[in-house]
Amino acid sequence: MVSIAEPIAKPASPFRFLLDRREVLNAVLISPAILYVFLLVGLPFLLAIYYSVSAYTLYDPTWRFVGIQNFLDVLKNPVFLRTLGNTFLFTFASNFLGLVMGKFGAFLLLQPFRGRRIVRALVILPWAVPIALATIAWEWIFDSLYSVINWTLIALGIVTRADAPNWLGSPGLAMLCIIIINAWRFFPFAIVIFLAGITAVPQDVIDAATVDGAGFWRRNYQIIVPMILPIVAIGLIFGIVFTFTDLSIVFLLTNGGPAGATSVLGFEGFQVGIASGDVAHGAAISLFMLPVLLVVVIGMLRFIRRREI
Amino acid sequence: MSAVLTRDIVKKFGDVPAVNGISLTVPDGEFMVLLGPSGCGKTTFLRIICGLEQQTSGDLLIGGNIVNDLPPRARGVAMMFQSYGLYPHYTVRKNIAFPLRTQRVPGAEINKKVEWASQLFGISHLLERRPRQLSGGERQRVALARALVREPTALLLDEPLSNLDAKLRASARLEIKQFQQRVGVTTIYVTHDQVEAMGMGDRIAVIDHGRVRQVGTPGEIYDDPADRFVATFVGTPPMNIVAKNGGYLGFRPENFLPREMIEGSAVAEFSFRVDRSEYLGSERIVYGVLEGFDPNQIVTAKLPGAHVAEESIRPGEWHAFAVRNNALRFFDKDGNRTSRH
């Protein structure tokens, strides 16, 4: 006679099936992320808050509590106020420009043409190239002596060598330069976002709009753009957050100059807190990013949630 | 006057003709159904009428005017799509108003017309909702209201019921037909479903491989199919076709009955070997072959279920069957109908 059910072997150890338990597995999988965020984001953030209410400098590492005095100092400083304005201008202008370029780029890349796949791959380059390399290339484009743009303009007879624009030397133009570079860096990302959004719009909806009498512009701005707005908003959050905190282009290209015309929050915080050693004021400057970013992120997320209902 | 008239419309994608010379006249107020299998070109033809596709050659007249080169918005036709194509970011009210806004109709008049259209379809209480908050049937009504709100010369419907489940489909079919009769708008309705075509169409155009095979009332299509394609595409089960004298002989399964069920002598008699029998409640479908014909040609008989007992028809048995002479159809060797009787 054959026994119908063999007795199931007892687990060798009580921990043998530990990872099969959902709550244990959840904890094991999520803990590296929490650890990472806590150690590399949370601790420095708390440290920055502490520095910003202390009188800590590299030369006098005291932990003396001074309340909000550092913030009041910073707000009274006209250089900081200018930096704050620069940061807003830099962030919103470059993201807007990148978004517009991304929209048109996406529409061009939706048209069928020979070699479209190659162009689609190449267009990612500005985003993929390390920013240090890219900025060096742009430095030659805007250089005071060897500017490629000026060389072209002079060769075409549009300007003379004497009145050729000094791109990085005059305050307005220098700001324009870093805005253009950042937009150039951002627009491949915007293209990807727009491409994903536009291809997700059902053809029936676009056809319906066409038959309902909508021409190209109305189809675009009353149907397609509103429909892809949530995904564009996500892209924009990324763009704004990264740009608002970024200092690489300014650091590599203009060093905040001429005369602080292109200084942004991240750069100013670095200059004051690290380069000059006034850690407390540097921390206070950097912390001014926080409320702005919070407002942007919360506002955008609320907007997206409202759209989805 | 004909609302829509086409003359020899051809549409080629590359070298392949999707529409291969369709000439069709749809009079004012008619419900015309374009019926055909998938890929027969019926949807392409509909998209040519509304201007989403440009024909390779041929003329298209809407309301008596040649509109070959007019953009969709200038043609005065409305179209309802398979998935309805509602604008998800607009409320029902703005969805219905959209075709009027594109025509720059004044706001007060837009409101009036939206009210009218929403009352016509009983969706006045849904005006402030968004499409995703609606059921399938409600979405269809919104799509119809949006199509009709600007009172088009012709309404084009592209398989509008294929997104609904079977139960809803029957009531939606009725609803579309009723509103069409009430409003009297010229309608061109594309479907691959013969039940929809037979039940709704004033006339049916059967299309295959980009050509119209036959245009006629549902009765004409069913009783007098113009060729073998129409005969076997319409009808469930399709018409029986057997080879005879270099041509073909056709008869509907419901006309193929046991000899004793037919009175009179004006009949064609057959010896029928039963292979299989299916009881479907209201009817019984019997499959088999005829003596003296191709033994691979399956012939079906549709018998009234209540009248034929299970025991009287068993697989393997030979029975005397017959078809009334006036129910026989003849086709030549190319499959075209030769004579009626």
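In helix α12 of chain A, the residues A:Leu265, A:Gly266, A:Phe267, A:Glu268, A:Gly269, A:Gln271, A:Val272 and A:Gly273 are buried. A residue is termed buried if 20 or more other C-beta atoms lie within 10 Å of its own, exposed if 12 or fewer do, and partly exposed in between, with C-beta atoms placed from the backbone. Helices (H or I, at least four residues) and strands (E, at least two) are DSSP runs numbered from the N terminus. The structure is a predicted model, in which local features need pLDDT of at least 70 and side-chain atom pairs count only at pLDDT 80 or more, whereas totals for chains, interfaces and linings use all residues. Residues are numbered from 1 along each chain as its sequence is written, and chains are lettered from A and ligands numbered from 1 in the order in which they are written.

With eight of its 11 residues buried, α12(A) is mostly covered. A:Gly277, which has a positive phi near 85°, follows this helix. The loop between α11 (248-253) and α12 (265-275) of chain A holds A:Ala259. Although A:Ala259 is not a glycine, its phi is positive, at about 55°. A:Ala259 has 11 C-beta neighbours inside 10 Å and therefore counts as exposed.

Elsewhere in chain A, the axes of helix α3 (residues 78-110) and α8(A) come within 5 Å and cross at roughly 45°. Here the axes are lines fitted to C-alpha atoms, for helices over the stretch in contact, and angles run from 0 to 180 degrees between N-to-C directions. The two helices α3(A) and α8(A) are therefore oblique to each other; angles under 35 degrees count as roughly parallel, over 145 as roughly antiparallel, 65 to 115 as roughly perpendicular and the rest as oblique. The crossing of α3(A) past α8(A) is right-handed, a crossing being right-handed if the near helix is turned clockwise from the far one by less than a right angle, and left-handed if anticlockwise. The residues of this contact comprise 21 nonpolar, seven polar and one charged. In this grouping Ala, Val, Leu, Ile, Met, Phe, Trp, Tyr, Cys and Pro count as nonpolar, Asp, Glu, Lys and Arg as charged, and the others, Gly among them, as polar.

The largest nonpolar core has 137 residues, of which B:Ile49, B:Leu156 and B:Ile188 touch the most other members. Such a core is a set of buried Ala, Val, Leu, Ile, Met, Phe, Trp, Tyr and Cys residues joined through C-beta atoms within 7 Å. Helix α8 (residues 171-199) of chain A contributes the largest share of this core, 13 residues. When neighbours within four places in sequence are left aside, B:Leu156 is in contact with B:Leu46, B:Ile49, B:Cys50, B:Val77, B:Ala78, B:Met79 and B:Ile188. Two residues are in contact if their C-beta atoms, placed from the backbone, lie within 7 Å.

Chain B contains eight helices and 19 strands, and its C-alpha trace spans about 75 × 45 × 35 Å along its principal axes. Of the 341 residues in chain B, 40% are buried. Among contacts in this chain between residues at least 6 apart in sequence, 63% join residues at least 24 apart.

Between the chains, 17 residues of chain B are in contact with 15 residues of chain A. On the side of chain B that touches chain A, β6 (77-80) and α2 (92-102) of chain B each supply at least two residues. The most, three residues, comes from α2(B). By type, the residues on this side of chain B are 10 nonpolar, six polar and one charged. B:Phe98 is found in helix α2 of chain B and is buried, with 25 other C-beta atoms within 10 Å. Not counting residues up to four places away in sequence, B:Phe98 touches A:Asp212, B:Tyr87, B:Tyr90 and B:Arg146.

Further local features occur in chain B. B:Glu151, in the loop between α4 (136-148) and β7 (154-158), has a positive phi near 50° although a residue other than glycine. B:Glu151 counts as partly exposed, with 13 C-beta neighbours inside 10 Å. The peptide bond from B:Thr236 to B:Pro237 is cis, with omega near -10°, and B:Pro237 is placed in the loop between α8 (228-233) and β11 (240-244) of chain B. B:Arg324 lies in strand β17 (residues 318-324) and is partly exposed, with 17 C-beta neighbours inside 10 Å.
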